[in-house]
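Please follow this structure through its loops, its helix packing and the contact between its chains.

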Amino acid sequence: MTPLRISLVAAAAALLLLILILELIRRRRLQERYAILWLVTAFTILVLSAWRSALGELSDLVGIAYPPSALFALAAFFILAVLLHYSTVISKLSDQNKILAQRLALLESRLREREAPD
Amino acid sequence: MSACGGAKLSGASPMTDSLTSVEARVADPRLSRLRRVAIVPAYNEAASVGSVIEEIRAVDPELEVVVIDDGSRDGTSAAAEGAGARVVRLPFNLGIGGAMQTGYQYAREHGFDLAIQVDGDGQHDPREVPQLLEPLLAGDADMAVGTRFAGGARYRPPFARRVGIEVFARLVTLIVRQRVTDTTSGFRAVNRNGIMLFAADYPHDYPEVETTVLVFRHKLRMAEVPVEMRTRASGRSSITFFRSIYYMVKVSLALFIGLFRRYSTPTEES
């Protein structure tokens with residue numbers, strides 16, 4: 001069984017994260033579409049740290065001897081997922097950024113061509 | 001390195017007679033109805049871009065020169081405009097891939113039939129443009145690449161570089177099933193098919209190897225033309241030790257993933 005103290009600390013941390021995310025969304029500092037993965041992460045950690053028997057069973061199922069490390073493994077997995085998601089977002093943004101720069105440059109060259117009395 | 005085996009070579013006359021044949025080729029009747037543009041990507045090449053432009057004009061006055069200023073901070077644009085080129089000025093540095101693609105987009109928008117890539121640092125000799133265009137005019141290829149290794153070309157790069165070039169040349173040869181000797185050459189010419197393809201799809205950085213494969217994936221034809229490359233007039237090569245490692249890894253990854261990608265050829269309407 002997971003030591004009670006670990007469960008409490010983990011639950012408190014997860015709750016804090018959850019509140020922080022919701023607050024960021026409320027202040028429009030974080031778009032919902034990017035918050036969803038974070039919310040799922042915080043919520044899963046919260047549930048598993050509070051529902052201690054479920055964490056124990058989950059650890060048994062995948063063969064983790066010490067249940068709290070299952071919690072950490074899960075948290076790490078979610079963080080990786082969020083990071084990977086961000087990499088795809090960055091790739092898309094840099095692509096769009098490139099397209100914008102190209103369009104702008106071509107438009108400017110057209111404009112100059114017109115304005116120049118040749 | 002004897003690299004003639006099976007390669008599709010055209011205009012196999014190196015420097016010896018190229019000077020005398022230039023005038024004859026410029027008057028080539030096949031060229032008269034074709035609008036052609038030389039794309040010169042330049043990043044902080046103010047010192048050399050002007051003379052490159054003048055050289056290109058001297059070879060073929062009908063050839064429009066467009067310089068893609070890739071966010072230079074040394075007056076490259078002004079130098080290019082002063083030499084009489086059109087300038088497309090990117091708001092910030094995109095890297096060679098993004099800059100080249102901008103050139104092809106320019107060629108697409110302005111309805112050019114032929115586009116020739118010439119580096120802004122002076123390492124490509126514009127007097128060899130007629131040879132480069134030969135396979136396109138003959139209808140044998142959609143892209144012609146100036147190679148430093150096939151036919152009469154004599155270029156001996158440093159050992160490490162030679163190994164890298166050779167590895168990718170073999171890899172690409174394997175993938176496209178046509179002998180390719182120089183996958184790193186940026187001295188190229190394409191017809192309208194090539195312009196449409198590259199305007200729509202062009203790799204971000206170190207694009208030469210990937211574009212070679214891209215051309216074959218889209219069922220376009222490629223021919224190699226032996227050329228001489230000069231040592232750069234100014235500026236430094238963009239290849240350093242760590243970058244060359246990134247180069248190998250990035251290009252290998254792109255080639256590998258490219259095998260599993262789906263391709264659709266862009267058309268005039270898209």
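B:N44 lies in the loop between β1 (36-42) and α2 (46-59) of chain B. Helices (H or I, at least four residues) and strands (E, at least two) are DSSP runs, numbered from the N terminus. This is a predicted model, in which local features need pLDDT of at least 70 and side-chain atom pairs count only at pLDDT 80 or more, while totals for chains, interfaces and linings use all residues. Residues are numbered from 1 along each chain as its sequence is written, and chains are lettered from A and ligands numbered from 1 in the order in which they are written.

Most residues other than glycine have a negative phi. B:N44 is not a glycine, yet its phi is positive, about 55°. B:N44 counts as buried because 20 other C-beta atoms lie within 10 Å. The cut-offs behind that word are as follows: a residue is buried with 20 or more other C-beta atoms within 10 Å of its own, exposed with 12 or fewer, and partly exposed in between, the C-beta atoms being placed from the backbone. A second residue other than glycine with a positive phi is B:K219, with a value near 60°. B:K219 belongs to the loop between α8 and β7 (222-226) of chain B. Is B:K219 buried or exposed? B:K219 has 10 C-beta neighbours inside 10 Å and so counts as exposed.

Chain B as a whole contains nine helices and seven strands. Of its 270 residues, 49% count as buried. Among contacts in chain B with a separation of 6 or more, 78% are between residues 24 or more positions apart. Two residues are in contact if their C-beta atoms, placed from the backbone, lie within 7 Å.

B:G194 is in helix α7 (residues 192-200) of chain B. B:G194 is buried, since 27 other C-beta atoms lie within 10 Å. Apart from neighbours within four places in sequence, B:G194 is in contact with B:D142, B:M143 and B:L220.

Two packed helices are described by the angle between their axes and the distance between the axes. Axes are lines fitted to C-alpha atoms, for helices over the stretch in contact, and angles run from 0 to 180 degrees between N-to-C directions. In chain B, helix α8 (residues 207-217) and helix α9 (residues 241-258) pack at about 15°, with axes 9 Å apart. That angle makes α8(B) roughly parallel to α9(B). Angles under 35 degrees count as roughly parallel, over 145 as roughly antiparallel, 65 to 115 as roughly perpendicular and the rest as oblique. From α8(B), B:V209, B:E210 and B:V213 meet B:V251, B:A254, B:L255 and B:G258 of α9(B). By class, this contact has five nonpolar residues, one polar and one charged. Here Ala, Val, Leu, Ile, Met, Phe, Trp, Tyr, Cys and Pro count as nonpolar, Asp, Glu, Lys and Arg as charged, and the others, Gly among them, as polar.

In chain A, the axes of α1(A) and α2(A) come within 8 Å and cross at roughly 160°. α1(A) is therefore roughly antiparallel to α2(A). Their contact comprises 16 nonpolar, two polar and one charged residues. Within α2(A), the residues A:W38, A:T41, A:A42, A:I45, A:L48 and A:S49 are buried. Their cover includes α1 (4-26), α3 (52-62) and α4 (67-115) of chain A.

The axes of α3(A) and α4(A) also come within 8 Å, and they cross at roughly 85°. These two helices are therefore roughly perpendicular to each other. A:L55, A:G56, A:L58 and A:S59 in α3(A) meet A:P67, A:A70 and A:L71 in α4(A). Five of the residues in this contact are nonpolar, two are polar and none is charged.

Between the chains, 14 residues of chain B are in contact with eight residues of chain A. On the side of chain B that touches chain A, β3 (86-89) and α4 (96-109) of chain B each supply at least two residues. The largest share, six residues, comes from α4(B). The residues of this side divide into seven nonpolar, four polar and three charged. α4(B) itself is mostly covered, with 13 of its 14 residues buried. Just after α4(B), B:G111 has a positive phi of about 65°.
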